[in-house]
Amino acid sequence: MNSRTRRHLATLTSAASLAAGLLGAAAPSAQATPTAPDTSTGLLSLYGGTTGAETVNSDGTGLRSVPNITSANHALNWAPDGSKVVAAAGEVTTGRVTGATSLVTLPAATGTRSGAADEDPVYWQDGSAVVYSTGGQLVQGPSDGSWAPEPLLTSDQEPASAYDVHPTASPAGTLAFERRTTGGTNQGIWLYDPGNGTVTRIIDEGSSPVFSADGSQLAFTRQVDGWSQVFVADADGGNAKQITTDASDHLFPTWDPAGHRLAYEAHSTHADASDDVQTVRLLDLRDGTTKEITGAGKGAKPAWQPLRQNYLARVYGTGPITIDAAASRWTYDKTGAAHVPGLVTAHSAVLVNKSNATYSAPGITLAAEKQGPLLMTSGSGLDSAAAAELKRTLPKGSTVYLNGPTKLLSSKVADQVTALGYKALRMDASDLSGLSARVAKQITATPSWIFLADGGEYHDPIAAATAAGALGYRGTGVVLLTNGKTVPSSVKSYINALNPKTTNLVTVGYNADQAVRHTAFTKSWSYWAIGGKAHEDVAANLARFWWTAPNSAVVEDTWTWQNATAGGAATATYGPMLWSTEGTLSAQASTYLSQEAASVSVVETFGGNSSYPPANRTAIGNAIAASSAWTSTIWAAGGDVPAATAQGVKAPALAAGGGEVPAGRPLSGTGTGTGTGPDRTHLPAPDGHTAR
């Protein structure tokens, strides 16, 4: 059996849905997407010519070079939270202006009409995507480079005679861009609306459009009496007003994120004149005053850094509320009560033995795809905390799955569940691998994805189960567990009954890979192998494989499986799970979060302060935001958001009617789509193999 040990093999958001703005339901779990405060003003990035990329403070001080990021005569544009920049110099690269280990080089665009140089990259879809021009054709792809960018527009929307450049993204998802003919004639500024798929001209003549941070205004340049002047218009192109008038060229405006100033490239005469003196100037729209930011010849093509808060959600038990109950309260509505925005309706629940780590792993997938809390109890009887949470979340008559045989959850537990008015359904099996197969059958007889991990210890199974559960309510992902490097008969029988043409197989960890390699199945299978030197590596590599530019992530401490199990079940459908040591954020988690910082705005942790001390929390903030100063912590004791914070918290983008996590797949971005399955377009053709 052949495997693919590659990252970025599976994308779970199709190019078509991305281009249409259908990036869907990947909001953080429960109440974890706070409403961002007003965006603040940060640095100005500059193209420095022979000195490379640069940044400068908005008062003109602190001009400094940006290491490791180059730009070929194009602006360095910022992620919506100011954490990263995107630049083009032969290839498109994203990274931090500090030059830290967050550099990502996007693959070359595919399906384009020419192989011309890339130019004018900008972030889109709240940082989940990047749009740029290549040979006058707009392309888009995920900001983490998990698959190659593809054409944004159809040939009807962008005919061969069109040459489109300078895209700019509104927080509402629309894109404005400059259109020329291939001969260079300006055809004005056009607007692409991903919601309805339309492309319309909104300004008859104009260049270098740029949306304000709130998306309400559009700045651009236009030729007036032979000079390039700056104009400001409404977002739809209406009410255009000229705001510069002196006889010289004014190029490449950029908005102060606060909205009342513009910076631009200023020239003493025509930009291409031999005696021209170029500076960067700042224009205050309130009183019309201007100020020089950089001296002669120092920097060009300014772009202003927006600064906004990201969030660390700390979910932990308190008093009688255990960590599993806290995770449930963070995620699920109270039955019979008014719907709370951001919470979802529980349709079932899963009980696991609170003293057995590996047997609990299949329960994560079961809870996520049956949409219900995973609760922990003693094996000999139903704990009062679990009983209380069952009564809080589930209406009478709902199914409660008992994850394991009577040696793990006794008949008394089943009787107590029944006495509460629920249907107790036991997932019975003689061993752990058999239990994983039994749970898999309960989820579906025909899975779309199988994640196979070694059940000998809990780290890889929990990571694998969380990935499988990402397919969401009524999803068809399952986790199966090997016995070390052996595929037991129960798991083998389940796999042998499947069609390799319709089921994808992923091994998680070295032992699972070896088990599959040395097992003779009845059909020819190919699979993807996710490995790494340590469990932290495996989880980070699995996150790269399975998720495309997620909006949230979960960091779990490696020592406390109860925290990870509860958190994984609660958050599986919203973002990847990462392992970290307790004392400080693991290098693997830090690197992943830094590389995904443009899209990740929320990190959730489950467990008390001993699992996530201050150094760990600060490192998370530094990884996902411009700095830890731009990461606010939500202290959700018992899973409840404090009253003082509640007004700053909004619901995730859930299905119509509230309370339902859409079935389908991990999704990324800020659109409204739900998705129905992995996008095979971006999977490489698997290697053929004869199992015998």
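Which side chain makes a polar contact with the side chain of E389? The side chain of R392 does, at 2.9 Å. A polar contact is a pair of N or O atoms within 3.5 Å; within protein, one must be able to donate a hydrogen and the other to accept it, and residues adjacent in sequence count only if both atoms are side-chain atoms.

This is a predicted model, in which local features need pLDDT of at least 70, side-chain atom pairs count only at pLDDT 80 or more, and totals for chains, interfaces and linings use all residues. Residues are numbered from 1 along each chain as its sequence is written, and side-chain values use heavy atoms, with hydrogens and water left out.

**View 1. E389 in helix α4.** Helix α4 covers residues 384–393 and contains E389. Helices are DSSP runs (H or I, at least four residues) and strands likewise (E, at least two), numbered from the N terminus. E389 is buried, at 3% relative accessibility. Buried means under 20% relative accessible area (1.4 Å probe, protein chains only).

**View 2. Surroundings of E389.** Leaving aside residues up to four places away in sequence, E389 touches A325, S328, R329 and L375. Contact means heavy atoms within 4.5 Å.

**View 3. An open sheet of 4 strands.** The order is β18-β19-β20-β21, with antiparallel pairing. β18 (207–211) and β21 (241–242) stand at the edges; each has a single partner strand, so one side of each lacks a neighbour in the sheet. Two strands pair if DSSP finds at least two bridges between them.

**View 4. The β18 and β19 pair.** Strand β19 (residues 217–224) pairs with β18 over 3 bridges, in the antiparallel sense. S207 stands opposite T221 in β19.

Note on methods
Buried means under 20% relative accessible area, exposed over 50%, partly exposed in between (1.4 Å probe, protein chains only).
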